[in-house]
Amino acid sequence: MAAESWINKKLLITGASGFTGLHACAYFVRQGCTVVAAGRDKAKLASIQGVNPAECHLEDREQVNEMIKGHLPDYILHLAGKNSASESWKHPASYMESNVMGTIYLLEAVRQHCPDSRMVMVGSRLSVDPAKGTAAVPHPYSLSKTFASWTAAAWHNMYNQHIVLAEPSNLIGPGESAGFCTLLARYIAGCEAGLELPLFRISSRFESRDFLDVRDAVAAYGLLLSRGTSGMTYPIGSGEQHTLGELAKRLLQETQAAVPIDWGPESASLSLDSLNKGTGGDQGAGLLKSLGWNRLYTLERSLADIMVDARTKVHPSLS
């Protein structure tokens, strides 16, 4: 989407203070868009440059309604939600409240106050096709994202709202992420700085996943907001598979320090997470390219930027 097309347009980003949200705020501010940054943490929202902060808990229906009514956005990028598979086992109801009910409250407020706005609902490649049955659901997080995406699709069909669904792969890049690459990079940076740290363990180094730079994903969301077909689900990924062990070795090549690693089991152990490919599988992988999207960040560039960011945060004098 050309930069001038965003001028005088208002975009609401939920989950704005999260890993992807911060990159999205920076990207769309650069495009000249008026960005409303919505989230829970008032202090974090206030620190984001160039945005209008909007403190809001999506589980609170009245707060969501007042936020939408007060801002009346032209576009909505829905990133908010809980996203830890392991944590979801302990708090499944909380995940359903945040990811499902929070999405419903947002959809309903938009329907009532700005039904012509265009929304991108960001789901997960860990969602499953409900036609496969409940046995295909690996954890409560997957269930919550599956329900949230299907609810958004249903709202499009029932109320003719403009809603596009996106299913990104594993997003990596500089910033505050709880992902594998960032955690390992911080560990490496800590070893470089001489810190005493617990041994880093890779529990599934043979597991293969698709990794995409978060900055490429955000650019894809911009295209989907402007040109995506309503009701359609767009997989967003690099189209490449890399094992966790391979990524670990690439990150370790970026340092001269001694970095002890527990490489885990000697045999492959694939989780259900690695087998799920979203509600539509790999079908439609070329849809984004037809809109003009291309990756700008190679895996090597992403990993290098992650290491620079990790060193800056762990030990600035080493960056």
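Modeller: Let's start with α9 and α12, whose crossing is right-handed. The model is predicted, so local features need pLDDT of at least 70 and side-chain atom pairs count only at pLDDT 80 or more, whereas totals for chains, interfaces and linings use all residues. Residues are numbered from 1 along each chain as its sequence is written, and side-chain values use heavy atoms, with hydrogens and water left out.

Colleague: OK, how do I read the hand, and at what angle do α9 and α12 pack?

Modeller: A crossing is right-handed if the near helix is turned clockwise from the far one by less than a right angle, left-handed if anticlockwise. Helices are DSSP runs of H or I, at least four residues, and strands are E runs of at least two, numbered from the N terminus. Axes are lines fitted to C-alpha atoms, for helices over the stretch in contact, and angles run from 0 to 180 degrees between N-to-C directions. Here α9 (residues 244-252) and α12 (residues 299-314) pack at about 60 degrees, their axes 10 Å apart. That makes α9 oblique to α12; the classes are roughly parallel under 35 degrees, roughly antiparallel over 145, roughly perpendicular from 65 to 115, and oblique for the rest.

Colleague: Which residues of α9 and α12 make the contact?

Modeller: Contact means heavy atoms within 4.5 Å. From α9 you get Leu247, Arg250 and Leu251, and from α12 Leu299, Glu300, Leu303 and Met307. Of the residues in this contact of α9 with α12, five are nonpolar, none polar and two charged. (Ala, Val, Leu, Ile, Met, Phe, Trp, Tyr, Cys and Pro count as nonpolar, Asp, Glu, Lys and Arg as charged, the others, Gly among them, as polar.)

Colleague: And at what angle do α5 and α6 cross?

Modeller: Roughly 15 degrees, with the axes coming within 8 Å. So α5 and α6 are roughly parallel to each other, and their crossing is right-handed. Among the residues that meet are Tyr95, Met96 and Ile104 in α5, and Tyr141, Phe147 and Trp155 in α6. The contact of α5 with α6 divides into 14 nonpolar, four polar and three charged residues.

Colleague: How many aromatic pairs are there?

Modeller: A pair of aromatic rings is described by the distance of the centres and the angle of the planes. Rings of Phe, Tyr and Trp (its six-membered ring) pair if their centres lie within 6.5 Å; planes under 30 degrees apart are stacked, over 60 edge-to-face, the rest tilted. The structure holds seven such pairs. Tyr95 and Tyr141 are edge-to-face, 6.4 Å centre to centre with 90 degrees between the planes. This pair links distant parts of the chain, 46 residues apart: Tyr95 is in α5 (residues 92-113) and Tyr141 in α6 (residues 140-159). Both Tyr95 and Tyr141 are buried, where buried is under 20% relative accessible area, exposed over 50% and partly exposed in between (1.4 Å probe, protein chains only).

Colleague: What about Trp155 and Tyr159?

Modeller: They form a tilted pair, 5.6 Å centre to centre and 50 degrees between the planes. Because they are four residues apart in α6, about one helical turn separates Trp155 and Tyr159. Trp155 counts as buried at 13% relative accessibility, while Tyr159, at 38%, counts as partly exposed. Elsewhere, Trp6, Tyr27, Phe28 and Tyr75 form one aromatic cluster.

Colleague: Last one: is Gly264 buried or exposed?

Modeller: Buried, at 19% relative accessibility. Gly264 sits in the loop between β13 and α10, and its C-alpha is 7.1 Å from that of Arg205, 59 residues apart along the chain.
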